[in-house]
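I opened my notebook to record what I looked up, one entry at a time.

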Amino acid sequence: MNLKKVPKEDFVPEQHGPVFNFFYTLKTHFFTITSVNFLFLVFNIPMMLVAFAFVLLFLPYINSVFVPTDFVQFMADSGVVGNQAINDVGTEAAYQIYYLIVVFCVMFLLGTTLIVIGPFQAGFTQIYRNLYRQEGAFVFSDFKEGMKNNWKQSLIASIVSIVVTALCLLATGFYLNLGTSWGTAIGTFFIILFFVFIIIQNMVYTMIVSREISLPKIYKNAVLFFLLKFGPCLGLILMLIVTLIVIPAMLLITTTYFAYALVVFYYIVLIFGVDQFAIAYFTGELIQEYIAPQVDEEEEPVDDFEELTDDPEEEDDGD
């Protein structure tokens with residue numbers, strides 16, 4: 001760690017636990033995290049279009065009610081837009097709700113890093129890594145360093161993410177549309193797999209910028225982390241659903257212009273950075289606990305759980 005560049009406020013008293021340290025860092029570097037949030041959206045504008053294509057393709061495939069014309073009729077039949085669905089006013093209201101749902105889904109795919117530009121995400125995760133290590137964060141230099149040093153692995157990881165996401169959504173739609181109990185069970189399995197993969201993929205980006213490990217072993221370790229911390233990982237999934245979909249939807253129930261402006265502000269400057277930092281911080285704690293630090297160049301780095309030890313005496317002997 002370069003102590004000369006670490007601001008004094010980055011040092012947190014050791015007697016505090018990780019929860020306190022997380023919120024302390026979030027408070028201390030709130031402007032940094034919101035800045036990264038804005039840059040995340042700007043740099044991922046191309047992938048936002050890809051996410052739109054995914055949603056418009058797979059949402060109707062999973063459930064035919066999300067075909068736009070069917071959705072308008074569904075809203076009329078359910079009484080959400082009243083009996084006006086047959087005229088221009090009701091139709092416009094139904095289409096407006098439909099495209100709000102599409103936007104929420106796009107923001108979810110983007111905010112969970114399922115569809116992002118990998119090298120850029122490595123740069124952003126480098127900033128989060130330095131924050132949870134209490135090393136100080138310099139947005140542009142850290143971003144450049146993370147992107148430059150990890151572009152290859154992060155690019156492959158982003159391609160893997162897009163492919164796995166597409167396969168999960170495709171399989172979900174296929175099995176749910178079979179209309180059988182077995183089809184529903186298998187479709188539900190792929191829905192669960194989809195959410196599990198979200199946490200795994202976020203852990204992958206954090207490990208890419210934290211340790212020099214081959215990508216297959218990074219994914220293996222991410223799966224082991226998920227199984228090891230199953231309960232907290234479920235909490236992270238719930239956090240993502242609530243913060244990326246439920247809260248914005250609840251804000252828009254008022255249908256006021258102020259609510260629309262608040263949701264736009266919420267997405268542009270806040271929630272992506274906070275969510276991604278939370279998962280990076282959680283993963284960083286696991287990395288420090290279960291994966292040995294980098295070693296000298298002449299030594300072979302430890303990169304997998306099978307080679308780890310929790311015995312301090314053994315680690316001292318190795319030194």
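Which residues does asparagine 150 touch, not counting residues up to four places away in sequence? I found Ala122, Gln126, Ile208 and Val209. I note here that the model is predicted.

**Entry: asparagine 150**

I looked up where asparagine 150 sits, and its place is in helix H7. Is asparagine 150 buried or exposed? Its relative accessibility is 10%, so it counts as buried, the cut-off being under 20%. I then checked its side chain. The side chain reaches the backbone oxygen of glycine 146 at 2.9 Å.

**Entry: threonine 172**

I stayed in helix H7, which covers residues 139-176, and found threonine 172 there. Threonine 172 counts as buried because its relative accessibility is 4%. Its side chain has a polar atom 2.7 Å from the backbone oxygen of cysteine 168. What does threonine 172 touch, not counting residues up to four places away in sequence? I wrote down Ile62, Gly187, Phe190 and Ile191.

**Entry: the cavity**

How many cavities of 30 Å³ or more does a search of the whole structure find? The search finds one. I noted a volume of about 60 Å³ for the largest cavity.

I listed the lining of the largest cavity: Thr113, Gln121, Thr125, Tyr128, Asn202, Tyr205, Thr206, Gln276, Ile279 and Ala280. Which helices each supply at least two residues of this lining? They are helix H6 (118-132), helix H8 (181-210) and helix H12 (271-290). I sorted the lining residues of the largest cavity by type. Six are polar, four are nonpolar and none is charged.

**Entry: the pocket**

Then I looked up open space. The largest pocket holds about 730 Å³. I counted 27 residues in its lining. Which of them lie nearest the centre of the pocket? Those are Leu59, Ile101, Phe104, Cys105 and Ile245.

Helix H3 (45-62), helix H5 (88-111), H7, H8 and helix H10 (230-252) each give this lining at least two residues. Which helix gives the most to the lining of the largest pocket? H5 does, with nine residues. By type, 24 residues of the pocket lining are nonpolar and three are polar. No charged residue is among them.

**Entry: the nonpolar core**

I moved on to the largest nonpolar core, which has 85 residues. Which of its residues touch the most other members? I found Ile199, Met203, Val204 and Phe277.

I followed up on phenylalanine 277. Leaving out residues up to four places away in sequence, phenylalanine 277 touches Phe22, Thr25, Leu26, Ile33, Tyr128, Leu131 and Tyr132.

**Entry: the whole chain**

Last, I stepped back to the protein chain. How many helices and strands does it have? I recorded 13 helices and zero strands. Read from the N terminus, its elements run α-α-α-α-α-α-α-α-α-α-α-α-α.

What share of the 319 residues in the protein chain is buried? The figure is 45%.

Notes. Residues numbered from 1 in each chain as written. Predicted model: local features only at pLDDT ≥ 70, side-chain atom pairs only at ≥ 80, totals over all residues. Heavy atoms only, no water. 1 Å grid on protein atoms, 1.4 Å probe; cavity = no way out; pocket = protein on both sides within 12 Å on 5 of 7 lines; lining within 4 Å. Points joined across faces, edges and corners; volume = space filled by probe spheres on them. Helix = DSSP H or I, 4+ residues; strand = E, 2+ residues; numbered from the N terminus. Nonpolar A, V, L, I, M, F, W, Y, C, P; charged D, E, K, R; others polar. Buried < 20%, exposed > 50% of the residue type's maximum accessible area, 1.4 Å probe, protein only. Polar contact = N/O pair within 3.5 Å; in protein donor to acceptor, adjacent residues only side chain to side chain. Contact = heavy atoms within 4.5 Å. Core = buried A, V, L, I, M, F, W, Y, C linked by side-chain atoms within 4.5 Å.
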